[in-house]
Amino acid sequence: MQLTPRNVAWDELLDGLATAVIWVDDQQKIGYLNIAAAQLLQVSTRRIIGVAWKVLLPGLVDDLTSFGEQRLTIHEYQIHLPDLQRVRVSCTFSCYEVGGGWLVELFNTERHHRIVEEDERWHQYEAGNILVKTLAHEVKNPLAGIYGAAQLLQKRFQDDQKAISFLDVISKEVQRLKNLVDSMLGPRQTAEKEWHNIHEVIRHVLRVTKPELSQKIQVMLDYDPSIPEIRMDFETMIQAFLNLIKNAMQAMEGLTGLITIRTRVERKFTLGTQAFPLVAVVSIHDEGSGIPKEVFDSMFYPMVSSKKAGTGLGLPVSQNIIRQHGGLIVAESEVGHTVFHVYIPFDRGEK
């Protein structure tokens with residue numbers, strides 16, 4: 001039997017694999033791809049047969065004949081999918097004299113990268129919480145003392161308008177600092193959760209931010225309408241997505257392009273050490289300036305910001321809110337492509 005996937009037996013064998021496999025013939029055109037490859041690359045098997053393989057995997061190798069009969073593996077290759085998502089894979093090319101062509105195996109490494117990044121974000125969240133609690137303990141008590149002393153002095157010097165004006169400034173600044181610390185602490189721990197659709201949250205946030213949205217920016221909604229309701233604190237969840245969507249708008253300030261908000265459901269998904277049957281995924285994609293590399297790895301820590309007027313509290317607060325719902329926020333960024341993925345698990349008992 002010839003070593004060619006065009007044989008029915010090979011079709012059945014390769015279609016049963018979880019690994020994405022592509023057969024490239026001696027003319028360097030696609031002769032076959034299995035179901036896993038079609039799903040990974042989001043292409044139709046019928047339409048792609050006979051097309052040059054470089055259409056699917058551009059910029060990977062100049063010429064397949066250049067490495068002879070050796071097996072070639074290329075790591076960290078990024079595939080740009082039709083739905084604007086990007087997937088990192090490892091590609092292995094194997095040359096076969098029998099059948100005349102190359103077998104291409106694609107191994108999706110995105111899950112590995114997600115686990116590594118998720119672990120880092122988890123540590124950032126824990127470290128941020130420790131920092132916030134330390135700041136709250138060290139700052140709030142002295143602030144309360146200063147505010148109380150200012151109130152007493154205002155009563156004592158109530159006839160001295162100049163002193164009152166200075167004391168009023170002190171009181172307002174102390175209150176501002178107190179609000180700042182409270183923002184770092186995030187939402188209340190005893191949030192009451194009720195059943196809501198995640199699309200209601202996004203709809204409300206878009207309504208609030210519409211007056212600030214530049215006419216050069218279009219918002220594209222790519223919803224999965226089958227997503228069931230999630231138990232959440234509606235008000236705090238609005239704050240979490242408000243911070244993320246405002247960040248996307250600010251990243252595209254002065255630019256023309258799209259902000260894409262996509263909702264999906266992932267099955268058998270792991271967050272940290274806990275596995276969930278179903279997880280809602282909300283992805284917020286912008287085509288802005290991107291997050292600077294020197295800030296990216298620490299952007300979920302409090303007081304870290306790449307903006308001149310930024311407080312560095314928006315992302316930590318959003319992360320804190322999502323964590324209180326059992327979820328996590330992870331991100332990827334480069335110029336023209338920044339995505340924040342928000343993972344929110346459904347209750348285990350939910351059907």
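This is a predicted model: local features need pLDDT of at least 70, side-chain atom pairs count only at pLDDT 80 or more; totals for chains, interfaces and linings use all residues.
Student: Where do I start with the interior?

Tutor: Start with the nonpolar side chains. In soluble globular proteins, these tend to be buried together. Now take the case here. The largest nonpolar core has 39 residues.

Student: Which residues have the most contacts inside the largest nonpolar core?

Tutor: Ile-198, Val-201 and Phe-241. The largest share of this core comes from helix 7, residues 234-251, with 10 residues.

Student: What is Val-201 in contact with, leaving aside neighbours within four places in sequence?

Tutor: Met-232, Phe-234, Met-237, Ile-238 and Phe-241. There is also a second, separate core, of 28 residues. Among them are Ala-37, Ala-38, Leu-60 and Leu-106.

Student: Next, aromatic rings. How do I read a pair?

Tutor: A pair of aromatic rings is described by the distance of the centres and the angle of the planes. This structure holds 4 aromatic pairs. One of them joins Phe-269 and Tyr-343, with 4.9 Å centre to centre and 20° between the planes, and is stacked.

Student: Are Phe-269 and Tyr-343 buried or exposed?

Tutor: The cut-off for buried is under 20% relative accessible area. Phe-269 has 6%, so it counts as buried. Tyr-343 has 8%, so it counts as buried too.

Student: Why is the pair of Phe-300 and Phe-340 edge-to-face?

Tutor: Because the planes stand at 80°, with the ring centres 6.5 Å apart. An angle over 60 degrees counts as edge-to-face. Phe-300 lies in the loop between helix 8 and helix 9 (314-324), and Phe-340 lies in strand 12, so the pair ties together parts 40 residues apart in sequence. Phe-300 is buried at 4% relative accessible area. Phe-340 is buried at 6%.

Student: Strand 12 again. What about its polar side chains?

Tutor: Take Thr-338, which lies in strand 12. Thr-338 is buried, with a relative accessible area of 3%. Its side chain makes a polar contact with the side chain of Ser-333, at 2.8 Å. Leaving aside neighbours within four places in sequence, Thr-338 is in contact with several residues, including Ile-284, His-285, Asp-286 and Glu-332.

Student: What does the side chain of Glu-287 reach?

Tutor: The backbone nitrogen of Leu-258, at 3.1 Å. Not counting residues up to four places away in sequence, Glu-287 touches Met-252, Leu-255, Gly-257, Leu-258, Gly-336 and His-337.

Student: Last, helix 9. How many of its 11 residues are buried?

Tutor: 9 of the 11, so helix 9 is largely enclosed by the rest of the structure. The buried residues include Leu-315, Val-317, Ile-321 and Ile-322. Ser-318, Gln-319, Asn-320 and Arg-323 are among them as well.

Student: What comes just after helix 9?

Tutor: Check the backbone there. Gly-326 takes a positive phi of about 80°.

Note on methods
Residues are numbered from 1 along each chain as its sequence is written. Side-chain values use heavy atoms; hydrogens and water are left out. A nonpolar core is a set of buried Ala, Val, Leu, Ile, Met, Phe, Trp, Tyr and Cys residues joined through side-chain atoms within 4.5 Å. Buried means under 20% relative accessible area, exposed over 50%, partly exposed in between (1.4 Å probe, protein chains only). Helices (H or I, at least four residues) and strands (E, at least two) are DSSP runs, numbered from the N terminus. Contact means heavy atoms within 4.5 Å. A polar contact is a pair of N or O atoms within 3.5 Å; within protein, one must be able to donate a hydrogen and the other to accept it, and residues adjacent in sequence count only if both atoms are side-chain atoms. Rings of Phe, Tyr and Trp (its six-membered ring) pair if their centres lie within 6.5 Å; planes under 30 degrees apart count as stacked, over 60 as edge-to-face and the rest as tilted.
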